[in-house]
Amino acid sequence: MEIRLLRYVVTLAEELYFGRAAERHHISQQPFGQYIRRLEREVGALLFERTSRRVTPTPAGVRLVAEARVLLDAVDQLAEHARSEGAGRDERTLRLGVLGFGAGQRWDDLREALKAQVPGLRIDHVDLDWATQHRAVLDHTVDAGIMWHAGPVDGLRSDVVLSSPRVAVVPARSLLADATSLTMDDVSDEPWLATPPLSAVMREWLGPAAESGPNAPVVRQPAAVPTAVATSG
């Protein structure tokens, strides 16, 4: 169960209106409603009665909202403690989380650009993976992250550093290996590598690749994909 879904349900209980609740989280009403339905499926209960005129919490919704508020208060306090502990840290140190290949051959340019803006800057490298890339920034484990952008994430601002096309990594003996291009339909029925539990936005971006094949090895970073495909077939 994702923390942000609990925040959504608490906001809806306060606003009693999907449009206003969605606006508070800077997303549109349709995906907001989908997230609420997803949480209802997870808990196995209807949390809100909907009519054309109003939204009303059910008894199960009232209980969950009360428990969610307690949990969210604890989460916010943990984040505040983390910020307080980091307040005395050297302001010239940047904790930079990096997922997989990072920025490839542009690292020298990026490092020099940062140091030109902040003379004497020290950059501490922190490894990220697909499961931790967003959470590491949100909980202040890192100051910033170079990660895969699959879509907007609440609480994060994303700026594009590099972009590249989707690619499929297949065994050399695969019938797909000599293709000049592939569509998602071409590869949707193939066995896929497994990933750690991912955010909803990452799973949506992966499409059929989010459903792993039988006995598939788990990969946590893009850099691990070629070796995992080569060894597992």
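1. Leu-96 stands opposite Ala-144 in strand S5. S5 (residues 144-146) runs parallel to strand S3, and three bridges join them. Two strands are taken as paired if DSSP finds at least two bridges between them. Helices (H or I, at least four residues) and strands (E, at least two) are DSSP runs, numbered from the N terminus.

2. On the basis of the notes: this is a predicted model, in which local features need pLDDT of at least 70 and side-chain atom pairs count only at pLDDT 80 or more, while totals for chains, interfaces and linings use all residues. Residues are numbered from 1 along each chain as its sequence is written, and side-chain values use heavy atoms, with hydrogens and water left out.

3. S3 is also joined to strand S4 (residues 122-128), by seven bridges, and these two strands run parallel. Within S4, Val-126 is the bridge partner of Gly-97. Together with helix H5 (residues 107-117), S3 and S4 make a right-handed β-α-β unit; right-handed means that, with the strands pointing away from the viewer, the path from the first strand over the helix to the second runs clockwise.

4. How many of the seven residues of S3 are buried? Six of them are, so S3 (residues 93-99) is largely enclosed by the rest of the structure. Buried stands for under 20% relative accessible area, exposed for over 50%, and partly exposed for values in between (1.4 Å probe, protein chains only).

5. There are five aromatic pairs in the structure. Rings of Phe, Tyr and Trp (its six-membered ring) pair if their centres lie within 6.5 Å; planes under 30 degrees apart count as stacked, over 60 as edge-to-face and the rest as tilted. The Tyr-8 and Phe-32 rings form a tilted pair, because their centres are 5.2 Å apart and their planes stand at 45 degrees. This pair links distant parts of the chain, with Tyr-8 in helix H1 (residues 3-15) and Phe-32 in helix H3 (residues 29-43), 24 residues apart. Both Tyr-8 and Phe-32 are buried. One aromatic cluster is formed by Tyr-8, Phe-18, Phe-32 and Tyr-35.

6. Trp-148 and Trp-205 have ring centres 5.5 Å apart and planes at 75 degrees, so the pair is edge-to-face. Trp-148 lies in the loop between S5 and helix H7 (184-187) and Trp-205 in helix H8 (residues 200-206), so the pair ties together parts 57 residues apart in sequence. Trp-148 is partly exposed at 32% relative accessible area, and Trp-205 is partly exposed at 28%.

7. The charged end of Arg-166 sits over the ring of Trp-205, 4.2 Å from its centre. The criterion is NZ of Lys or CZ of Arg within 6 Å of the ring centre and within 35 degrees of the ring normal.
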